[in-house]
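Work through the exercises below with the sequence and the model at hand. Try each task before reading its solution.

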Amino acid sequence: MTSSIPPASRRRRAGASERGRSLIQYAAFISYSSIDRSIGERLQKALESYVVPASLRGQDFGRGPVPKRIAPIFRDRWDAEASTDLGAMLQAALHASAALIVLCSPAAARSTWVGEEIRTFKRAGRDERIYPVLVDGTPRRFDVEHNPQ
C-alpha cells in the first residue's frame with residue numbers, strides 16, 4: 001500500500017464528498033473483528049515501522065508525495081458489538097483516514113461493527129481507498145448479506 005500523509009503543516013482536506021471535511025490525520029484506519037485483534041496489532045506495527053524505499057519517497061502517484069513512513073495508522077477496537085451506531089471517535093477517525101484496511105475473515109464478515117466502518121468510509125466517497133486483506137477463511141462466493149452498501 002502506498003499512502004501519502006503530508007506533514008501537519010501541509011495536510012490537505014479530504015475529498016469534497018466527505019461529510020465534515022475533516023483533515024486527513026491518519027495514513028489508514030484498520031478495521032477488524034475483535035477475534036482478529038492480534039493480527040491488526042501486528043499489521044499496524046509493521047506498517048508504521050516500514051521505511052519506504054528512497055527511490056519512491058517524494059514521488060506523486062496521484063495522492064500527494066510519498067512519505068518516508070506510512071504512519072500514523074489508526075487501530076482501535078473494543079467490545080461494542082451490541083451497538084449499531086459508530087462511536088463518535090471511530091467515525092471521526094474514519095473521516096480523518098486516507099485509506100481503510102479491512103482485515104477479512106469469517107468473524108469480520110459477521111461483525112456489524114466492521115460493516116459499519118466500511119459503509120461510513122464508502123459514504124465519505126473514498127471506496128477506491130478500501131484495501132481488503134484476507135487473514136482467515138477462503139473467499140468462495142459473493143455474499144449479498146455481508147456486502148456493506
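This is a predicted model: local features need pLDDT of at least 70, side-chain atom pairs count only at pLDDT 80 or more; totals for chains, interfaces and linings use all residues.

Residues are numbered from 1 along each chain as its sequence is written, and side-chain values use heavy atoms, with hydrogens and water left out.

**Exercise 1. Give the strand order of the open sheet and name its edge strands.**

Step 1. Helices (H or I, at least four residues) and strands (E, at least two) are DSSP runs, numbered from the N terminus. Two strands pair if DSSP finds at least two bridges between them.

Step 2. The open sheet has 4 strands in the order β2-β1-β3-β4, with parallel pairing. Its edge strands are β2 and β4 (130–134), each of which pairs on one side only.

Step 3. Between β1 and β2 there are 2 bridges, in the parallel sense. F29 has F74 as its bridge partner in β2.

**Exercise 2. Find the aromatic pairs and describe their geometry.**

Step 1. Rings of Phe, Tyr and Trp (its six-membered ring) pair if their centres lie within 6.5 Å; planes under 30 degrees apart count as stacked, over 60 as edge-to-face and the rest as tilted.

Step 2. Searching the whole structure gives 2 aromatic pairs. Y26 and F74 are edge-to-face, at 5.2 Å centre to centre and 65° between the planes. This pair links Y26, in the segment before β1, with F74 in strand β2, 48 residues apart.

Step 3. F29 and F74 are stacked, with 5.0 Å centre to centre and 20° between the planes. Here F29 in strand β1 and F74 in strand β2 are 45 residues apart.

Step 4. Y26, F29 and F74 make up one aromatic cluster. Both F29 and F74 are buried (under 20% relative accessible area; exposed is over 50%, partly exposed in between, with a 1.4 Å probe and protein chains only).

**Exercise 3. Determine which residues of α1 are buried and what covers them.**

Step 1. Helix α1 (residues 37–49) has 13 residues and reaches 18 Å from first C-alpha to last, close to the 18 Å expected at 1.5 Å a residue. The expected span is 1.5 Å times one less than the number of residues.

Step 2. G40, Q44 and L47 are the buried residues of α1. They cover an arc of only 75° around the axis, which puts them on the same side of α1. The arc is that of the directions from the helix axis to the C-beta atoms.

Step 3. R42 and K45 are exposed on the other side of α1. The cover of the buried residues includes β1 (28–31), β2 (73–74) and β3 (100–104).

**Exercise 4. Locate the side-chain contact between S31 and E117, and examine the ends of α4.**

Step 1. S31 lies in strand β1 and is buried, with a relative accessible area of 0%. E117 is among the buried residues of α4.

Step 2. The side chains of S31 and E117 are joined by a polar contact of 2.4 Å. A polar contact is a pair of N or O atoms within 3.5 Å; within protein, one must be able to donate a hydrogen and the other to accept it, and residues adjacent in sequence count only if both atoms are side-chain atoms.

Step 3. At the start of α4, a side-chain oxygen of S111 comes to within 3.3 Å of the backbone nitrogen of W113. After α4 comes G125, with a positive phi near 85°.

Technical notes
Contact means heavy atoms within 4.5 Å.
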